[in-house]
Amino acid sequence: MTETWRNWAGNEEVRPARVRRPGNSAEVAQAVRDAALDGQRVKAVGAGHSFSPVAVAPGVQLRLDRMDGLCAVDRASGLVTVEAGMPLWKLGPLLAEHGLALEIMGDIDRQTVSGAISTGTHGSGLRFGGIATQVRELRLVLADGSVVDCSADERPELFRAARVGIGALGIITEVTLQCVPRFALQARDAAMPVTETLARLDELTELNDHFEFFWFPHSDTTLTRSFHRMPGDTPLKPIGDLSRRLDTTVSNLGFEVLCRLGTRFPSLVPPITRLAARAMSTREWTDLSPSVFASPRDVRFHEGEFAIPRERAVEALREIGRWIRTHDERVSFPLEVRFAAADDIWLSTAQGRETCYIAFHQYHRMAYRRYFQACEDILGSYEGRPHWGKMHALDAASLRRRYPHFDDFAALRDALDPTGLFANPYLDRVLGLAPGATR
């Protein structure tokens, strides 16, 4: 009897029929062939940090924690090949030892490389795409058990789709990334009135290499975060150990206590969030990029996120703010707003347009459905595309209208996996059933 698997947020769980922990591509291929013979669907799972059920595996669950190795490093070209189960928190220091770094990261580094690229994980910066734009080659196991490589030159159609493949095309076993020379980030956190942040949004996103902000909807204040890229040999001025421990305690344990208080007494949520907003202070530091991009997130929450055209950001945020005020909604977590360059990946949320990402959260013990549905409806009216690893209720009919290459992706999935071997209920919903699926 297998154990129940749960994701990080605790909102998705499953007891797989069978669990396998392959150690290489050949063992993955054998597990896929065995699942097909047994009439079981098969899914790979990484760190379980997706809020959506994208990686839920009721049939055969492949845990890739044994496949977390560094396969090859070419410092001259910056090309680095890693196994699919390599976690981002482990990859950053390994790259730094070779004088390299990922060009951009998100603000959480718990994910595996394959999970991060497959769901479209991104950071913030108008000149930079998501992590998947750094991929130069993939090795996958297909539904027939074959092991194939794809790149811009080899099986280019598969490459255009599989970089953000949401687990529908095959099991990724190796990823080759285009890395850059190791660099530092000069970081600045500053509180700013929300009216000023929104009025200066174009300036702030264009002036800084990386810019994002957090807005507690019950307050008039945003926390802005701006990063400037510096050479790797820049003298570092990191946050001190004591300050870092204090910051972690206040932002995690302290915030957890406040969220629990707000859960028990909902009327306290607005003053609690205003208190949290006032507690945000200006600080500056310089450190190597992995230490600045990512930060600990120990307070559990539910999250949805939609990508909209960059030029619609201000009006969309104002509309969400109006909805919260007029519906007396108690929101304990801030809206998180980030930006990214356009790319050409078929199911990337930034495909074909400069993008603003608006993420909405709620403490995991508090009701969230009405608020999340309102955000989904509002952002959907701005051509919003949901982050594949975060919560949403859209189906294939809705998504087809939002992705110019949706039908191209679906046709490739149907050709490579006609019986839906790699599907699950989530993929059945967002892509439609595979033509030969019987489940």
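A polar contact is taken here as a pair of N or O atoms within 3.5 Å, where within protein one atom must be able to donate a hydrogen and the other to accept it, and where residues adjacent in sequence count only if both atoms are side-chain atoms. The structure is a predicted model, in which local features need pLDDT of at least 70 and side-chain atom pairs count only at pLDDT 80 or more, while totals for chains, interfaces and linings use all residues. Residues are numbered from 1 along each chain as its sequence is written, and side-chain values use heavy atoms, with hydrogens and water left out.

The protein chain contains 14 helices and 20 strands, these being DSSP runs numbered from the N terminus (helices, H or I, of at least four residues; strands, E, of at least two). Its radius of gyration is 21 Å, close to the 22 Å that the globule rule gives for 439 residues, so the chain is as compact as a globular protein of that length; the radius is taken over C-alpha atoms, and the rule is 2.2 Å times the number of residues to the power 0.38. Along the principal axes, the C-alpha trace spans about 60 × 50 × 40 Å. Of the 439 residues, 59% are buried, where buried means under 20% relative accessible area, exposed over 50% and partly exposed in between (1.4 Å probe, protein chains only). Among contacts with a separation of 6 or more, 73% are made by residues 24 or more positions apart, a contact being heavy atoms within 4.5 Å.

Within strand β10 (residues 147-151) lies D149, which is buried, with a relative accessible area of 18%. The side chain of D149 makes a polar contact with the side chain of R139 at 2.7 Å. When residues up to four places away in sequence are not counted, D149 touches E137, L138, R139, E154 and R155. The C-alpha atoms of D149 and I172, which are 23 residues apart along the chain, are separated by 9.7 Å.

A second polar contact between side chains, at 2.8 Å, joins Y357 and T349. Y357 is placed in strand β19 (residues 355-363) and is buried, with a relative accessible area of 3%. Beyond its neighbours within four places in sequence, Y357 is in contact with residues including H122, E305, F306, R338 and T349. Between the C-alpha atoms of Y357 and H387, 30 residues apart along the chain, the separation is 8.9 Å. H387 is also one of the residues in contact with T121, as are Q111, A116, G130 and I131, again leaving aside neighbours within four places in sequence. T121 itself belongs to the loop between α3 (113-119) and β9 (135-141), and at 9% relative accessibility it counts as buried.

Backbone geometry draws attention to two further loop residues. Most residues other than glycine have a negative phi. D328, by contrast, has a positive phi, near 50°, in a residue other than glycine; D328 lies in the loop between α10 (313-326) and β18 (335-340) and, at 53% relative accessibility, counts as exposed. E383, likewise not a glycine, has a positive phi of about 65° and is found in the loop between α11 (369-380) and β20 (385-386), where E383 is partly exposed, with a relative accessible area of 46%.
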